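Please view the sequence and the coordinates together while reading.

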Amino acid sequence: MAKAKTIYVCSNCGADSPKWIGKCPSCGAWNSYVEEIAVRESTGKKLVIPGLQDKEKVKPVLLRDITSQEEVRLDLQDGELNRVLGGGLVKGSLILIGGEPGIGKSTLVLQTVLRLKGIKTLYVSGEESSRQLKLRADRMEHDNPDCFILCETNLEQIFVQAQNVQPELLIIDSIQTVFTELIESSPGSVSQVRECSAAILKYAKESGVPVLLIGHINKEGSIAGPKVLEHIVDTVLQFEGDQHYMYRILRSIKNRFGSTAELGIYEMRQNGLREVSNPSELLLTQNHEGLSGVSIAAAIEGIRPFLIETQALVSSAVYGNPQRSATGFDLRRMNMLLAVLEKRAGFKLAQKDVFLNIAGGLKVNDPAIDLAVISSILSSSLDIAIEQGVCMAGEVGLSGEIRPVNRIEQRISEAEKLGFNRILIPYNNLKGFDTSKCKIQIVQVKKVEEAFRQLFG
């Protein structure tokens, strides 16, 4: 019996080599080459998708002859998921949802499927049995009589059953468990993931059936498998959150049919995931009156404003080197803000430990929370509490100036809606905005010193 021929394939970009090499010459990744069995000799066979092989070959057409119209979208009966996708699920699109094990990917997809009454759905599970899926579905408050369950990992069999059922929505859970018989390597390998996802993409585009893929992530936090998987699909959604917190965040990393700046927030419960339509009320605690080191920031993720609590603790360094720690905020940016406080405002923090936390387990990248960060740090350092009912928004520059931020009107209206009576914003950030109807007091500040005088007197 002839020995099977093996090659080495880069798990990051999919480049192959006849021998193992440490650094991939295509993408530059180190130690990314894995051994795989080479694709068997071509026998003229190719993957046949039932119902699609009789299609006429596509011919090129002139751009002016193509009619443009609004994409037909499928309402998923989930406001958060619809928002992240850009208004719903586009027919014929391929969506990849990734996240850590146990974060709630399968729960999110299953509860969405169960809400879609009247839409024929085929849920293909390669990781769980039909009995496990039934137990999970029983915990949820929805039921869909048109939901078909298939426990299968063979891609050819999946296409045969899809031809028989003729679904309007197809779910694959997960892409790393699916394999095709045309390739000898094991499921989850680079070549299997690449070929299976390409075949599923062809099925989605030619049949017009939207497909949701669930994918694993590696220890670095990126989607497992070759990078080409993210290029094949139309949309990549990242489902993230700390398992010790009840909040889950759905981010759009890539979206051909909508914005990548959108954000969906869920709360994990016993009976599934609950949409959080107003995250500000959940992210703010009401029991910090009189406590130092707490400030409220008016942040925006995508087009969505919400108020978050910024907590800081400053104490004298017990050991030689002071500690700097940040949870939910960029540590390098915090170090920059500490340098601004020391150089521009004259506060000595070199020999003090500084710990920063964004409440609720969120990770925030909005530069407008800079002012709230330095205010909470200074409040903890001076041990003076910030007055109740005050929030702030502003980016801090290296010279100590408060720089203007975007969507200031939405931040002000969100603070007013939640009952705040004063907001600190950058100077000249209100061009073209009528403040006469606002009940909240708007204070404009140019420098960090002005902001501190407003907060601490």
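Which residues do ring pairs link into a cluster? In this predicted model, the cluster consists of Phe347, Phe452 and Phe456, joined through ring pairs.

**Aromatic pairs**

The count of aromatic pairs comes to 4. Among them is the tilted pair of Phe159 and Tyr203, whose centres are 5.5 Å apart and whose planes stand at 40° to each other. Another tilted pair is formed by Phe452 and Phe456, at 6.3 Å centre to centre and 45° between the planes. Both of these residues lie in helix H11 (residues 448–456), 4 residues apart, which is about one turn of the helix. An α-helix has 3.6 residues a turn, so residues three or four places apart point the same way. Phe452 is buried at a relative accessible area of 6%, while Phe456, at 19%, still falls under the 20% limit and therefore counts as buried.

| Pair | Centre to centre | Angle between planes |
|---|---|---|
| Phe159 and Tyr203 | 5.5 Å | 40° |
| Phe452 and Phe456 | 6.3 Å | 45° |

A ring also takes part in a contact with a charge: the charged end of Lys446 sits over the ring of Tyr427, at 4.6 Å from the ring centre.

Once its neighbours within four places in sequence are set aside, Ile308 is in contact with residues including Leu283, Leu284, Ile296, Ile358, Leu362, Val364 and Ile369.

H9 itself is mostly covered, with 11 of its 13 residues buried; among the buried ones are Asp370, Leu371, Val373, Ile374, Ile377 and Ser380. At 1.5 Å a residue, the 13 residues of H9 should span 18 Å, and this agrees with the 18 Å that separates its end C-alpha atoms.

**Backbone features in loops**

Most residues other than glycine have a negative phi, and most peptide bonds are trans. Just after H9, Asp383 takes a positive phi of about 60°, in the loop between helix H9 (370–382) and strand S19 (390–392). Asp383 counts as exposed because its relative accessibility is 59%. Arg407, likewise not a glycine, has a positive phi of about 50° and is found in the loop between strand S21 (402–403) and helix H10 (408–417). With a relative accessibility of 36%, Arg407 counts as partly exposed. A cis peptide bond, with omega of about 0°, joins Asp173 and Ser174, and Ser174 lies in the loop between strand S9 (169–173) and helix H5 (190–207).

Methods. Residues numbered from 1 in each chain as written. Predicted model: local features only at pLDDT ≥ 70, side-chain atom pairs only at ≥ 80, totals over all residues. Heavy atoms only, no water. Helix = DSSP H or I, 4+ residues; strand = E, 2+ residues; numbered from the N terminus. Buried < 20%, exposed > 50% of the residue type's maximum accessible area, 1.4 Å probe, protein only. Expected span 1.5 Å × (residues − 1). Phe/Tyr/Trp six-rings, centres within 6.5 Å; stacked < 30°, edge-to-face > 60°. Lys NZ or Arg CZ within 6 Å of the ring centre and 35° of its normal. Contact = heavy atoms within 4.5 Å.
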